[in-house]
Amino acid sequence: MATLTIDPRISHSTADFVTAGHKLYIDGKFLSAASGKTFPVYNPATGEVITHVPEAESEDVNRAVSAARRAFDSGPWPRLSASERGRILWRVADLIEQHLEEFAELESLDNGKPYTIARIADVPLTVDIFRYMAGWTTKIAGKTFPISFPGDFHSYTLREPIGVVAQIIPWNFPLLMAAWKLAPALACGCTVVIKLAEQTPLSGLKLAQIFDEAGLPPGVVNILTGYGEGAGAPLAAHNDVDKVAFTGSTEVGKLILKAAAGNLKKVTLELGGKSPAIVFPDARIDHAIQGTASAIFFNHGQCCCAGSRLFVHEKIYDQVVEGVSKVAGSIKVAPGLDPSSQMGPLVSDEQYRKVLGYIESGIHDGARVTAGGAKTSDHGYFVQPTVLTNTHPGMKVVDEEIFGPVVCATPFSDADIEAILKQANDTIYGLAASVWTENLSIAHKVSRGLRAGTVWVNCHNVFDAALPFGGYKQSGWGREMGEEVLNNYLETKAVTMAL
């Protein structure tokens, strides 16, 4: 097994965890893959192997689903009092918070993101979602109905857990995406089999230890590491799974739908985006420049709601593009564990080559580079924050999700709001958007007209456990977070009693 060259900035506990022998978490036990196979995990800052994890396949999926099925059908979790489930979820949050530095180091090492960002964003938001959902356990309730059917009846609804849930998460926010999926499912009384992204399994494996320590009954949460074809596909297709929740690309989301068709399991999807950021001439220019730069460069642009299409009124277009380009040029690109790092590497060699290929495609099609446009080093998966102008619909860089630190800037001149809305909505996606203006009327009109699940005004990438998040069009089905996410994991039963 490869060993980690210990960076002095990594705690001994993190280094010990990374280099330990990793196991799947099934039915409350830490187990090797049935085949004995493992696969490598890479440090994206160096491209080096740092450890190996089990390669789950169909037999492991079957073991995990069977455990979840038993835990749901005959185990205590769905039958615990709502307050007891809430206390356990709160305990999970407390334990994650106690290991904040470890989780932040794991996210930085595994995903590449700056440790400072993981410490102030990824991990605290993970704690928040578990605490928020812990509060919902006692507030899931049905209703009574005065029905009009002839006779004397008492009618009401019950809200019941949907059952065994398969969850498949991406690599861009490994810990937080696991929390977005797990916390509401558990609050509703479901049992779960979650497959971690093969690129970034470490924080999820650490989370297995947290669940074990928190006292979750065996089989309630089962955690698998493996590839999409070997583990994800059989999990999505499994006939003992009642619902699948997926976050990832739209392309894979469509495959999930096909896999789920066998037993018509419920499906929710949080998919890709090509989000517009629209800057009107009355916007506070400096604020808009910093905000739209952050909209695309946050998390290395590896964010489904990244503001990757920048529309700026022609009166201020040159000023805004120059400003965003200066911000791009000033970003310190370095390994995530470097305290000065503002942007780390992309997550993998595959993603690195994909993003560079998009930039080359844009240049070939006539785009002009005003910042970045290249790799930063021959070691690791580092790409410069990039600003492209002279772009138009029909270019791959404009139409397709790049999932990297690349923004396409376009001027608009027509004062007609419908005209800019038509441009902004000209995409298969509808995940998010931002509007930059001091005019409240424009802000409200544009927010109404945008076909997107989230609209930010004079801000971007603002998230909270109480706010629903999800997309229109090919950006997905259903919502994460907020009260709305509970609908993903509950069935509604109508009961009518003759009196």
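Of the contacts in the chain with a separation of 6 or more, 72% are made by residues 24 or more positions apart. The model in which these contacts are counted is a predicted one, and its secondary structure consists of 15 helices and 22 strands. The chain has a radius of gyration of 23 Å, close to the 23 Å that the globule rule gives for 499 residues, and it is therefore as compact as a globular protein of that length. Taken along the principal axes, the box that the C-alpha atoms fill is roughly 70 × 70 × 40 Å.

Turning to burial and surface, 56% of the 499 residues of the chain count as buried, while the accessible surface of the chain comes to about 19,900 Å², with 52% of that area belonging to carbon and sulfur atoms.

Threonine 268 has its place in strand β11, which spans residues 266-270. Because buried means under 20% relative accessible area, threonine 268, with a relative accessible area of 8%, is classed as buried. Its neighbours within four places in sequence left aside, threonine 268 is in contact with Lys243, Val244, Ala245 and Phe246, and also with Trp477, Gly478 and Asn488. With one of these residues, lysine 243, the contact includes a polar one, in which the side chain of threonine 268 meets the side chain of lysine 243 at 3.0 Å.

How values were computed. Residues are numbered from 1 along each chain as its sequence is written. This is a predicted model: local features need pLDDT of at least 70, side-chain atom pairs count only at pLDDT 80 or more; totals for chains, interfaces and linings use all residues. Side-chain values use heavy atoms; hydrogens and water are left out. Helices (H or I, at least four residues) and strands (E, at least two) are DSSP runs, numbered from the N terminus. The radius of gyration is taken over C-alpha atoms; the globule rule is 2.2 Å times the number of residues to the power 0.38. Buried means under 20% relative accessible area, exposed over 50%, partly exposed in between (1.4 Å probe, protein chains only). Contact means heavy atoms within 4.5 Å. Accessible areas come from the Shrake-Rupley method with a 1.4 Å probe; for residues, only the protein chains shown count as cover. A polar contact is a pair of N or O atoms within 3.5 Å; within protein, one must be able to donate a hydrogen and the other to accept it, and residues adjacent in sequence count only if both atoms are side-chain atoms.
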